[in-house]
4 protein chains.
Amino acid sequence: MTPILLTGFAPFDHETMNPSWEVVRRFQHRVIDEEYPIQIAQLPCEFGTANANLVQLLQQHQPSLVICIGQAGGRPEISIERVAINVDDARIPDNAGQQPIDQTIALNGPAAYFSTLPIKAIVKHLRDQGIPANVSQSAGTYVCNHVFYGLMHYANTHPTLKRAGFIHIPYLPEQACLHPGTASMSLDTLENALWQILQTCLEQEKDIRLSTGTIC
Amino acid sequence: MTPILLTGFAPFDHETMNPSWEVVRRFQHRVIDEEYPIQIAQLPCEFGTANANLVQLLQQHQPSLVICIGQAGGRPEISIERVAINVDDARIPDNAGQQPIDQTIALNGPAAYFSTLPIKAIVKHLRDQGIPANVSQSAGTYVCNHVFYGLMHYANTHPTLKRAGFIHIPYLPEQACLHPGTASMSLDTLENALWQILQTCLEQEKDIRLSTGTIC
Amino acid sequence: MTPILLTGFAPFDHETMNPSWEVVRRFQHRVIDEEYPIQIAQLPCEFGTANANLVQLLQQHQPSLVICIGQAGGRPEISIERVAINVDDARIPDNAGQQPIDQTIALNGPAAYFSTLPIKAIVKHLRDQGIPANVSQSAGTYVCNHVFYGLMHYANTHPTLKRAGFIHIPYLPEQACLHPGTASMSLDTLENALWQILQTCLEQEKDIRLSTGTIC
Amino acid sequence: MTPILLTGFAPFDHETMNPSWEVVRRFQHRVIDEEYPIQIAQLPCEFGTANANLVQLLQQHQPSLVICIGQAGGRPEISIERVAINVDDARIPDNAGQQPIDQTIALNGPAAYFSTLPIKAIVKHLRDQGIPANVSQSAGTYVCNHVFYGLMHYANTHPTLKRAGFIHIPYLPEQACLHPGTASMSLDTLENALWQILQTCLEQEKDIRLSTGTIC
C-alpha cells in the first residue's frame, strides 16, 4: 500500500471557503485501485506554518505521490503548475498577518524546482475529458508557491516521493458571485478533474510532448 | 395554460455544439406549476431566417414569456441582456454565408428596445443561488442581437407577450478546452440557472433596484 | 464660421485628472481650415447638471459638430461609441453624491440613439494612422452615457447639429500607474487621435463599410 | 569606461517590427554620465542562435550591465522579469522554423536564475515617473525566456557582469491596430522608460522593498 497525499488550503483573503479544500475533502478515505489509499489534509494559509505542517505530513505518511492544490481566483482553467520559485513576495498579509517581501524560502535552496508530475499528459487527458486545463509557468509568490517550493525541496532529497506538484483551480461559482466578472468551475467538474489527474499520475510513466508554452 | 417559449441556437463559428441549445433541450416537455407548458425550439444562426422562424413560433404558441438564449464565448457569467439595438454588423459570416455590415434590422423600428424581463431580480436571485450572473449592456451586433431585437419588435406590438428577453451564456467546459484561456460553465449549472430564471420571471411582478451598472 | 464643440469631463472616482479634459484642453483657441473654430468645455461628472451645462453650451455656440469625450479606465483603445441608451444605472455615486439606479434619462425619449459621427470611417482612419481604435457597442450606464444620450436627444430636434457623438479614451500612463495591470495611452497619441477624428468628421460625407462588430 | 549592452529582437510571428528593437536602436552611440558607453544589438528570434550571438556580444564588449528586451504582445505595462527558467516550450515556430517542446536550455544548469537587476526599485522609479510598470514572474517559455536564461547562465560564471536582466514591453500603437483589443505603449514612453531603467540600475546599489507579488 503506497499512500497518496492531497492537500487543500484554508480560506483566505476574506473568502469563507477555499475550492482547493472543498474538492480535496471529497477524496477522504478513498483508495485507488485497491493499492493507493488517499490521505488528505488542510494546510493553513500561512507562510512557514504551512510548510512545517506539510513536512510533518510527508514524514508521517511517506507518500509516493503528492498533489497540493490551491485557489487561483480569476483563472478560468485548471492550472498545472510547472515551476516553484525560491521567493516569498506577499501582496496581502497571510492568515497570520505575515507579509514577507522578497524573502528566500530555503536559504541554500536553488532558485526554482520543476514539478515532477506529468504536466503535459495531465493537460491532454483533462482536455480529452472535456475539462479546461493548461500548464502555468507561475504559481505566484504567495503561500501557494511557498508550499509548492517547500514540497519540491523535500522531494529533492526524498527519492521515495516519486511525483509531486501543485495545481491551481478556479473559484467555485458561489465565490465568483462575489467577484463579478470572474470565471468559476463547478465542484463536480473539479472533483472529476482531480480524479482524472490522479489516474494520469499513476498510469503515465513518462510525460508526453504537447505544446502548451507561452510566448510571454 | 399559458405557454413559455425557450429558444437556443444551432452551433456556429466552427463549434460542434451550442450551449444555448444544450441547455434549452433539457426543458422539453416540462411544465412549470402545472400551468406553464414549455415550448422549445432551435433557431438557425442565420440573419433573417432566425427571425422568420421566431415569428412563426410566436404566432403558433402565443407565449406570455419568451427567453431566447445564445452563446457568449469567453464571458464568464450568465449575462442578462438589457438592450437590443437595431443594427446587424457581422464580424464573421453567419451559417448561411451572410455578413451584413451596419444594416438596419427593422426599417422603421426604433434604435433599440429594452428587455421586459426583470433583469435585476434575475441577477440577484441567481447570485443568491450561487450562480454567477450579471446584467450586460450589449448583446453584440451578430445573430444574437438580431434575434433579440426581432423578439422585442414583435413584443412591442403584441401585448399578450408580457415578458421577453435575451440571455447570453458561457462556453460549456468541453468547448473551452478548444479555446485555452476562456471561461466556461457546466451544463448542470446552466440548467439550474435557467430554471431559477424562469421562476423569477413568473414570480417577480416588478423588477427590483440593484446596482449592476458599468461606468463604461 | 461654424463652431465645433469638444467637451471633456472633470476627474471622478478618486482620480486627480481626467484624460478627456487633458486632451480637450489642448484644442483651446484652435481653428480648423480657417473655418471651424473649436469651443471647449469641461462638464462636471454629475448626472443632470452635466446635461444642463451641455444644453446651455449647445444653445450658446450652435455648433454643427459636437464630440463629447470621456474616460474609459481599463480599455486599451480609443472607443468610438455607437449607441446611447435611455437609462442611468450608477455603480458608484457621481461627484455630487447621486447614484441613480435604472432611471430613465428622458421620460418620453426613445430607448436609444445612434451616433451620427462616421464611426467606421473614424476607426479606419485612426488605424491607418497607427492609433488603436474600435467601435464600442456600449458607453456604459454612468455619466458618460448620460451625456451621450442627452447630446443625441438634443441633436434629434436640432438639425443644424449635423454630427454628434461620444468617444471613450483610455487612462493616461500616469493614471495606469495607480491601477496595475491596466492599459493606457499617451497624451500625445490622444491629441493626434482627436485631431484625426475631427478631420474625418469634416471630410467624410458618408460613413464607410467596415466590419468591426462583435458576436457578443 | 564600462560598457552597457542593450539588446532587442527581430520581428516575429507575422509582425513587421519589434518594439524592443525600435526602442533599443534609439540608444545607439549614447554614453551615460560620460562613463558608460551603450552598445546595442539586435538578436534573431531563433532558439540557439540568439544565445550564441549574445555570448559573442558579451565576450566582445565585457559589459557590467546588460538588459535584454523583448515584445510582450498584449501586456499593458513594462514588465520587469524576475526569473528565467531552464526550459524551451514553443507555442509557435521561431524565425528559423524550430519549435522545441519541453527542452532543457542548459543541460547541467539549474532550474532557474533570478534577475540581478534592482527589479523593485525599477518598478517604483518608473511609476514615480508616470510610466506603468510591474514585476513579472514569468518571461514565458519562448525565445525571450531562452535569451534571459542564457544571459543569466553566463552572468553566473562571469562576475564582471554585475547586473543583468530581461524586460518585456507592450506592442507599439501601430502594432495594436492589427490586434484589436490589445494594449500598447508609445515609442516615446518606451524610450523614456528605458532611460529611467538605466539610471536606476546605475544608481541603486541595493534593491528596495516594494510589494508587487501575485497571489497566483
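This report looks at salt bridges and an annotated active site in the structure above.

## About the model

The model is predicted, so to speak of local features a pLDDT of at least 70 is needed and side-chain atom pairs count only at pLDDT 80 or more, while totals for chains, interfaces and linings use all residues. Residues are numbered from 1 along each chain as its sequence is written, chains are lettered from A and ligands numbered from 1 in the order in which they are written, and side-chain values use heavy atoms, with hydrogens and water left out.

Helices (H or I, at least four residues) and strands (E, at least two) are DSSP runs, numbered from the N terminus. A:Glu191 is buried at 19% relative accessibility, whereas A:Arg30 is partly exposed at 26%. Here buried means under 20% relative accessible area, exposed over 50% and partly exposed in between (1.4 Å probe, protein chains only). A salt-bridge network links A:Arg26, A:Arg30, A:Asp188 and A:Glu191.

In chain D, D:Glu191 forms a salt bridge with D:Arg26 at 2.4 Å between the closest N and O atoms; these two residues are 165 apart in the chain. D:Glu191 also meets D:Arg30 in a salt bridge (2.4 Å, N to O). D:Glu191 is buried at 18% relative accessibility, while D:Arg26 at 31% and D:Arg30 at 25% are partly exposed.

## The annotated active site

An unreviewed UniProt entry gives the annotation "active site" to A:Glu81, A:Cys144 and A:His168. These residues span 88 residues in sequence, yet no two of their C-alpha atoms are more than 10.4 Å apart, so they gather at one spot. UniProt positions follow the numbering used here, feature names are shortened, and annotations may be inferred rather than shown by experiment.

A:Glu81 sits in strand S5 (residues 78–81) of chain A and is buried, with a relative accessible area of 0%. A:His168 belongs to strand S9 (residues 163–169) of chain A and is likewise buried at 0% relative accessibility. Beyond residues up to four places away in sequence, the contacts of A:His168 (heavy atoms within 4.5 Å) include A:Glu81, A:Cys144 and D:Cys216.

Notes
Salt bridge = Lys/Arg side-chain N within 4 Å of Asp/Glu carboxyl O.
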